[in-house]
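Please look at the sequence and the fold below.

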Amino acid sequence: MRLFIGNKNYSSWSLRPWIAMKAKGIEFEEVLVPFDDEGGNPEFREFSPSGKVPTLVDGDLTIWESLAILEYLSDRFPDKALWPQDIAVRARARAVANEMHGGFGGLRSQCPMNMRRKVRAIGVTGAVRRDVARIETLWDGCLAASGGPFLFGEFCNADAMFAPVVNRLETYALSDHEAVAAYTGAMKALPAWIEWERAAIAEPWIVPADEA
Ligand SMILES: N[C@@H](CCC(=O)N[C@@H](CS)C(=O)NCC(=O)O)C(=O)O
């Protein structure tokens, strides 16, 4: 299996399936194709029907869209518990993963993931503040119900979807909620997170549009 990803410093969508596969011990070959301009990279079209990363290639099958990749991995590796076992808990995990995939536009557009950026607050709009408040409520509720350390207990696809948000809330100093601190600690202690962050910091590429 090959996972095509973009710059580790900036490509939040790429981080999602990458961290899920690493955290769950799924073997894959990583193919990093960096963004060469603000509009992405025309080379992405060579392996991705949408022209975007991440894209997973498994034999003859090509899957794009981060959440579809995570769903495929769950089907392909049922023993890896990429979604919670219990049907009701799994439904909630899917709801929060979908909420992340389709929402939080204010936070996503104004506070790009940037693994190498030093912690520093920036002026943000009400849209970002509303996104952060919703994330605090969501993480707090999930952690209280599951007992942590991840949203539904053990790391699952919902955590993969929120992994880049951990960086955003921290690097732009957006929250001092205790649930955010606890979840950030759990995420950043994952060997997979540490491996990604280390590689991201060592990258040479700067994308000015993502340097908020
Ligand atoms: N909805 C897609 C979003 C993918 C996406 O926007 N990826 C960015 C990199 S993080 C990209 O490939 N941008 C290049 C472009 O838009 O041309 C997913 O969930 O995978």
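In which sense do strands S1 and S2 pair, and over how many bridges? The model is a predicted one. In it, strand S1, residues 2–5, pairs with S2 in the parallel sense, and the pairing runs over 4 bridges. Within this pair, Phe4 stands opposite Val31 in S2.

Helix H1 packs on the sheet, where it touches S1 and S3. The direction of H1 makes about 145° with that of S1. Helix H2 also packs on the sheet; its contacts there are with S3 and S4, and its direction makes about 130° with that of S4.

The sheet as a whole can be described next. It is an open sheet of 4 strands, in the order S2-S1-S3-S4, with mixed pairing. Strand S2 (29–32) and S4 stand at the edges with a single partner strand each, so one side of each has no neighbour in the sheet. From one strand to the next, the twist averages 20°.

Which of its residues are buried? In H2, which spans residues 66–76, they are Ser66, Ile69, Leu70 and Leu73. Viewed down the axis of H2, these buried residues fall within an arc of 100°, and therefore they line one face of the helix. The elements they pack against are helix H1 (12–23), strand S3 (55–58), strand S4 (61–64) and helix H6 (157–171).

How values were computed:
Residues numbered from 1 in each chain as written. Predicted model: local features only at pLDDT ≥ 70, side-chain atom pairs only at ≥ 80, totals over all residues. Buried ≥ 20, exposed ≤ 12 C-beta atoms within 10 Å, placed from the backbone. Helix = DSSP H or I, 4+ residues; strand = E, 2+ residues; numbered from the N terminus. Arc of directions from axis to C-beta. Contact = placed C-beta atoms within 7 Å. Pairing = 2+ DSSP bridges. Axes fitted to C-alpha atoms, helices over the stretch in contact; angles between N-to-C directions.
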